[in-house]
Amino acid sequence: MSEDAAGDTPAWTREHAAGLRRDDSNVAPIIYPPEERIDEDLHIWDTWFLRNRDGSIAEIDGYRVIFSLTSPSNLLPGKRHDVATIRYFYSQDGEHWTTGGTVFDGDTLGQRQWAGSAMYDPEGDEGEIYFYYTAAGEDGADELTYTQRLALATGGTVSTDGGLSEGGASSDVPSDSGFSIEGPWDHQILLTPDGDWYEREDQSRGMIYTFRDPWFFEDPESGETYLLFEANTLVPEGTGACDDPVWEEFNGSIGIAHSPTGDPTEFELRPPLLDAVCVNQELERPHLVVRDGTYYLFISSHVHTFAPELEGYDALYGFVADDLQGEYEPLNGHGMVLTNPANAPFQAYSWLVYDHGDELLASSFFNYFDYNRPNLDDVSLLPEDEQMRRFGGTLAPTVRLGLDGKQTNVIDTLDHGHLPLQREALPKSWWDAESKDGG
Ligand code: FRU
């Protein structure tokens with residue numbers, strides 16, 4: 001596989017990205033607005049599960065829990081990132097979600113909180129939940145700033161109404177008081193960019209730098225503890241890293257930090273797992289699925305963060321290697337796994353993939369739906385009332401993906417926000433189709 005300017009970081013190259021295109025294997029069905037959003041008072045976007053230390057989805061007295069970035073639903077959707085607040089939602093069946101409330105009570109780091117991950121460890125030394133998030137913006141600054149640091153909150157605990165038998169949801173439980181998360185939390189900054197492997201804000205040459213979206217990961221092969229994150233590779237001016245100097249501003253990377261002792265509160269930066277110098281500026285929300293010793297690394301990215309002369313998409317992209325720090329190569333040759341239809345190119349974003357038996361499931365949020373404006377690539381140009389009307393602001397239908405070695409394909413979708421646990425069977429149809437194919 002080709003190497004980047006830094007020498008030995010696996011690279012997503014312009015040659016790979018030149019092969020990006022929509023086809024039957026990677027286009028999701030069109031999304032129609034659901035009858036009900038998860039919460040009519042909230043815009044909901046980036047979302048993640050409460051997980052056990054080994055990455056499996058936590059199930060606490062019959063409840064599964066998701067966390068989302070949220071803002072009031074009467075806010076212009078484009079402004080939501082400036083006020084993002086993390087809330088939790090819980091469910092007994094993975095289909096109906098109850099709003100639990102805000103995770104923190106104002107004692108956070110950063111001017112606002114962006115995406116992260118949450119690990120449930122009832123045996124942990126510091127409460128039951130290790131909550132990793134992006135502290136966005138400088139504390140105490142008068143103006144909104146875009147500094148990004150990886151933060152951790154510890155000390156949170158959960159309480160439930162108890163007594164749900166395993167896997168069974170009992171109907172006499174009042175769903176609005178079934179599950180809650182309580183502080184007090186202790187917040188700390190875990191990591192900032194080193195300015196060498198990972199670009200600092202003051203070194204950034206193009207769009208705003210990235211250093212965000214911490215993702216807790218315990219390697220099932222080695223048992224070692226890591227944190228993945230979105231970052232940028234330092235590309236000093238004049239080094240000729242790309243054929244065209246303008247492309248050098250497109251320098252996204254997937255960062256990783258290691259905990260030498262396994263302590264989930266202590267991490268050291270390590271060199272990036274992969275980068276996309278000359279290709280793409282934002283490799284968002286990196287996360288891994290490990291299947292039979294093979295590592296599948298997923299990110300989301302936008303059409304507008306690809307370097308000039310490349311045609312990209314708002315899409316889920318994936319890479320595969322046979323080691324955590326292995327020679328990642330793009331799935332399907334070019335990297336694209338799942339995208340939006342050509343007539344609704346921004347209908348979903350911020351995908352999160354998890355393993356389900358033979359399939360992968362990809363959750364995401366319902367973003368802008370643009371049936372009549374397929375070529376619109378900057379929604380902020382729409383009149384404000386249209387921006388409001390066209391923003392989904394809730395979870396998108398979960399997409400079922402097939403995975404065969406280095407190839408993926410879209411199978412089908414579940415409902416908006418339907419997030420089954422591994423032990424819960426998926427609808428039969430696909431299995432029938434499979435057996436017809438003799439699979
Ligand atoms: C992806 C993203 C994340 C970030 C969040 C901010 O949708 O850009 O990388 O944490 O949105 O709203």
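**View 1. Strands β11 and β12 pair in the antiparallel sense in this predicted model.** Strand β11 covers residues 225-232 and strand β12 covers residues 251-259. Eight bridges join the two. Ala231 stands opposite Ser253 in β12.

**View 2. Four strands form an open, antiparallel sheet.** Their order is β10-β11-β12-β13. The edges are β10 (212-218) and β13 (268-277), and each pairs on one side only. On average, neighbouring strands of the sheet are turned by 25° against each other, direction ignored.

**View 3. The largest nonpolar core holds 113 residues.** Trp12, Phe67, Phe131, Tyr317, Tyr328 and Leu338 have the most contacts inside this core. Strand β6 (residues 129-136) gives the largest share, seven residues. A second, separate core has 14 residues, including Phe49, Trp97, Leu419 and Leu421.

View 4. The model has three cavities of 30 Å³ or more. Lining the largest are Glu199, Ser204, Arg205, Gly206, Met207, Val235, Glu248, Glu249, Asn251 and Gln281. Two of the lining residues are nonpolar, four are polar and four are charged.

**View 5. The second largest cavity has a volume of about 40 Å³.** Its lining consists of Ala115, Gly116, Asp213, Pro214, Trp215, Arg285, Pro286 and Leu352. Strands β5 (112-120), β10 and β14 (284-291) each supply at least two of the lining residues. The largest share, three residues, comes from β10. Strand β10 is also an edge strand of the four-stranded sheet. By type, the lining of this second cavity divides into five nonpolar residues, one polar and two charged.

Notes. Residues are numbered from 1 along each chain as its sequence is written. This is a predicted model: local features need pLDDT of at least 70, side-chain atom pairs count only at pLDDT 80 or more; totals for chains, interfaces and linings use all residues. Side-chain values use heavy atoms; hydrogens and water are left out. Two strands pair if DSSP finds at least two bridges between them. Axes are lines fitted to C-alpha atoms, for helices over the stretch in contact, and angles run from 0 to 180 degrees between N-to-C directions. A nonpolar core is a set of buried Ala, Val, Leu, Ile, Met, Phe, Trp, Tyr and Cys residues joined through side-chain atoms within 4.5 Å. Buried means under 20% relative accessible area, exposed over 50%, partly exposed in between (1.4 Å probe, protein chains only). On a 1 Å grid over the protein atoms alone, a cavity is a set of points where a 1.4 Å probe fits but cannot get out, and a pocket is an open set with protein on both sides within 12 Å along at least five of seven lines; lining residues have an atom within 4 Å of a point. Grid points are joined across faces, edges and corners, and a volume is the space filled by probe spheres set on the points. Ala, Val, Leu, Ile, Met, Phe, Trp, Tyr, Cys and Pro count as nonpolar, Asp, Glu, Lys and Arg as charged, and the others, Gly among them, as polar.
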